[in-house]
Amino acid sequence: AGLRHFSYHDKRRQFEADLPALAASPEKVLAITLNLRMVRMLFEAEVFRDTNAMLGFPTRAPKHLVAEVFDLLFSPSPALHSEMRLLRSTLGQPQDGRFIAVHLRTGDVAWD
């Protein structure tokens, strides 16, 4: 047993149904692709409770876990910091939290 990959992108119900099988998997490493809203289940599902406790993981999903992971993985480069300083100066140096940003995502819509 080594590494096995499971893909549950936009398949929440299937992921929930497979939790017992995932927990019983003999592989040492499971790579699981899933939507952000499903990360909480990895911490809070009953079938993972013993393993999570053995590994020292919390029994509840850490607050802002995904945001912290993104901050770690995608830290802005010095060049981006420079561009952000320039942009902030052209906007009149807005204070943190005192402006509105819009993220518009277009594309396929998937439903559970």
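Modeller: A residue is called buried under 20% relative accessible area, exposed over 50%, and partly exposed in between (1.4 Å probe, protein chains only). The model is predicted, so to speak of local features I need pLDDT of at least 70, with side-chain atom pairs counted only at pLDDT 80 or more, while totals for chains, interfaces and linings use all residues. Residues are numbered from 1 along each chain as its sequence is written, and side-chain values use heavy atoms, without hydrogens and water.

Beginning with the nonpolar side of the surface, Leu36, Val69, Phe70, Leu72, Leu73 and Phe74 together make a patch of about 660 Å² (patch residues have over 30% relative accessible area and no salt bridge, and nonpolar side chains are joined within 5 Å; a salt bridge puts a Lys or Arg side-chain nitrogen within 4 Å of an Asp or Glu carboxyl oxygen). Within this group, Val69 belongs to helix H4 (a DSSP run of H or I, at least four residues), and Val69 counts as partly exposed because its relative accessible area is 37%.

His64 has a positive phi of about 65° although it is not a glycine, and its relative accessibility of 53% is why it counts as exposed.

Another positive phi, about 60°, is found at Asp10, again not a glycine. Asp10 sits in the loop between strand S1 (3–7) and helix H1 (12–23) (a strand is a run of E, at least two residues), and because its relative accessibility is 23%, Asp10 counts as partly exposed.

How values were computed
Patch = residues over 30% accessible without salt bridge, like charges linked within 9 Å, V, L, I, M, F, W, Y side chains within 5 Å. Areas by Shrake-Rupley, 256 points an atom, 1.4 Å probe, with all protein chains shown as cover.
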